[in-house]
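Trainee: Could you show me how to read a structure like this one, step by step?
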Amino acid sequence: MSFATILMLITILSTGARLPLLLIPVLLTIILFSLLTRQQIVRWGLGSILGITLLGGVIYHYHPRKDEIKWQDVVNFRQPDISNHDARLNIWAFCIETPQDYLCYGLGAGQTGNYIRHKYEQADWKWYLDLGLFNTCHCQYLTEVMENGIGGLLFFIMCWIALLYNARGDTRLPAIIFCTIFAMSMLTDDVLDVFNGISLWGAGMLLLLLLSRSQSHSTES
């Protein structure tokens, strides 16, 4: 289990994506706290968090895509020049501009792309239309609320909580790691709208199922 966890962390870091800048420190914190007793958490918890935060700073400093992150962009939505501005921020800005369009009942499954494309046409953002930046809103939670309404989003989140709630024994830590990876990844991508995301989700669920069955057999014997 420890080897698999280390291999997973190395694989995440080797992707070159920006998400590991936050994901790796969070996962290390979860793993560390799972190894400590309640008394040890109180005694060493603050120091452990500090150490992992410093490690996160080192990862950020040497990350190959560090220069692409501009924190001022977070408050500067809708900047046409995508050479100096993350396109996701513009997409999110258009999506959340009129929540009354979808908050109660949703737009319907698969309608996010049409909605975003219509927004671009209204704003005359032809370059985003030409680039095809309307097929996804790059946030699974936003997609869920846009297509299924606030009730659909809450149901989606409850399904993940139910997975954690029903994980027992040796299955608990892998379930927490699995859900954390997806929960954070879904902040910036429609993970479950692409084959790679669905295949990884399926592989993770199969692993958790096998671990759960193995634990059940060992308990019965």
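Trainee: Where in the chain is confidence lowest, and where is it highest?

Mentor: Where pLDDT is low, the predicted coordinates should not be read in detail. This is a predicted model, and the mean pLDDT of its chain is 75, with 67% of the residues reaching 70 or more. Confidence is lowest in helix α1 (residues 2-14), where the mean is 57, and highest in α7, at 92.

Trainee: At what angle do the axes of α4 and α5 cross?

Mentor: Two packed helices are described by the angle between their axes and the distance between the axes. Here the axes of α4 (residues 87-95) and α5 (residues 112-123) come within 10 Å and cross at roughly 95°, and the two helices are therefore roughly perpendicular to each other. On the α4 side the contact is made by Ile 91, Phe 94 and Cys 95, while α5 brings Tyr 115, Ile 116, Lys 119, Tyr 120 and Ala 123. Of these contact residues, seven are nonpolar, none is polar and one is charged.

Trainee: Which residues of the largest nonpolar core touch the most other members?

Mentor: They are Tyr 120, Leu 142 and Met 146, in a core of 30 residues. Helices α4, α5, α7 and α8 (172-185) each supply at least two residues, and the largest share, seven residues, comes from α7.

Trainee: Is His 138 buried or exposed?

Mentor: Residues under 20% relative accessible area count as buried, so His 138, at 19%, is buried. His 138 sits in the loop between α6 (126-131) and α7 (140-166), and its contacts beyond four places in sequence include Arg 88, Trp 92 and Asp 189.

How values were computed:
Residues are numbered from 1 along each chain as its sequence is written. This is a predicted model: local features need pLDDT of at least 70, side-chain atom pairs count only at pLDDT 80 or more; totals for chains, interfaces and linings use all residues. Side-chain values use heavy atoms; hydrogens and water are left out. Axes are lines fitted to C-alpha atoms, for helices over the stretch in contact, and angles run from 0 to 180 degrees between N-to-C directions. Helices (H or I, at least four residues) and strands (E, at least two) are DSSP runs, numbered from the N terminus. Angles under 35 degrees count as roughly parallel, over 145 as roughly antiparallel, 65 to 115 as roughly perpendicular and the rest as oblique. Contact means heavy atoms within 4.5 Å. Ala, Val, Leu, Ile, Met, Phe, Trp, Tyr, Cys and Pro count as nonpolar, Asp, Glu, Lys and Arg as charged, and the others, Gly among them, as polar. Buried means under 20% relative accessible area, exposed over 50%, partly exposed in between (1.4 Å probe, protein chains only). pLDDT is the predictor's confidence in each residue, from 0 to 100. A nonpolar core is a set of buried Ala, Val, Leu, Ile, Met, Phe, Trp, Tyr and Cys residues joined through side-chain atoms within 4.5 Å.
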